[in-house]
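The sequence and structure come first.

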Amino acid sequence: TLPLSEVDPEIAAVLADELGRQRGTLEMIASENFVPRAILETQGSVLTNKYAEGYPGRRYYGGCEFVDVAENLAIERAKALFGAEHANVQPHAGAQANVAVMTALMDHGDTMMGMSLAHGGHLTHGMKINFSGKNYTIAAYEVDPETYTVDMDKVREQALASKPKVIVAGWSAYPRQLDFAAFREIADEVGAKLWVDMAHFAGLVAAGLHPNPVPHADVVSSTVHKTLAGPRSGFILCKEDLKKKINSAVFPGQQGGPLMHAIAGKAVAFKIAASEEFKAKQERTLAGAQILAERLSAKDMQDQGVSVLTGGTDVHLVLVDLRNSQLDGQQGEDILHEVGITVNRNSVPWDPRPPMTTSGLRIGTPALASRGFGEAEFREVSDVIAEALKPGADLEALRGRVAQLADDFPLYDGLENW
Ligand code: PLP
């Protein structure tokens, strides 16, 4: 019963420092968010002690009567939120959910089509040294060199040529919506299963602000911790006919005991995601990304060689193109870090700079929307970013503007020990 500060002061200091960092800076990494206090509570709870291999009502351990309630709530809420026939809420993370999907739908060596990592896809969609690229034959599709969007005619041609068993639609760095109905048609034409990875945009889908892939896809995988603002973890939705295959691919296929504290957190996240308040937050998230895209494509930015890929966004992130700027992605990330804004550098398609430097920035609005930002604050932070990316910027003054915004929107007020 000793507190962390006594048992391990070094780790207690890490927690305190990280809380201070999150409070004092502006988080704009597109895949991050702030979970509500209720989710911190589930994750720091006694549920972490419980082994519960198996599924509710069919466990390989005793004493599961209460964690079963949590998992059933998570399952039912996920199904209701996304209109799915079946939900598996056990994947430890997004990558684990994706491994389960691949093992359920394919045998080693089968062909899968996914968006190239260099063009915005995720590692698990076929990157060479990832599980996906090592175990399956990958036919990666790319964005169009003129529009930087996915051209469905080209995807169709490629699918007819490579005859994939699975087509994956989803992304980690792409500022537009995918056409799920067109992906479905192509999958049907070539006899492939359609898998949508909605990790990034699941929160927008839950709020009804992005097309729902569930009616179109055989399987949908997701993380819970990006726009959905839940615990760091994953889940899978599918039609009834794939339920058995998906469940056994997760457990015993590739995971042991589920993380019951995280599963309880998922139940809470799905409940919150069905609320009006959550929808209003996702509206602010989208409005913020549009304000940012507009500011970063204004004339004064073009004059600096800074632009926005696809000219805007329909989601929660903006991809800044620095190929014509004196700044590379690493320098852009570092300058923003100096003024107190956290983003990540990101390769742009056909990036002339190496992956550790890059010519792009991926900037997202979900965490600041969770913090309470509305249009006025997104205008202010967008202007700070724009000014910081210009040569000779007054970084001291910009740091002050960031500190003011951080002060105006306190984070985890009163939670000193988390
Ligand atoms: N799928 C997509 C599209 C992602 O963007 C990510 C995370 O970045 C993942 C899967 C993997 O999630 P995790 O980091 O939880 O394994």
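UniProt, in an unreviewed entry, places the feature "domain: Serine hydroxymethyltransferase-like" at residues 4–385; such positions follow the numbering used here, feature names are shortened, and annotations may be inferred rather than shown by experiment. The model is predicted: local features need pLDDT of at least 70, side-chain atom pairs count only at pLDDT 80 or more, and totals for chains, interfaces and linings use all residues. Residues are numbered from 1 along each chain as its sequence is written.

The chain has 17 helices and 15 strands, taken as DSSP runs (helices H or I, at least four residues; strands E, at least two) and numbered from the N terminus. Its radius of gyration, over C-alpha atoms, is 22 Å, close to the 22 Å of the globule rule for 418 residues, so the chain is as compact as a globular protein of that length. That rule is 2.2 Å times the number of residues to the power 0.38.

| α5 | 94–105 | three residues, the most to the shell around the ligand |

Leaving aside neighbours within four places in sequence, I167 is in contact (C-beta atoms, placed from the backbone, within 7 Å) with M113, A159, F183, I186, A187, A192 and L194.

Of the 15 residues around the ligand, A93, G94, A95, S172 and A199 come nearest; a residue counts as near if its C-beta atom, placed from the backbone, lies within 6 Å.

Terms used: Contact = placed C-beta atoms within 7 Å.
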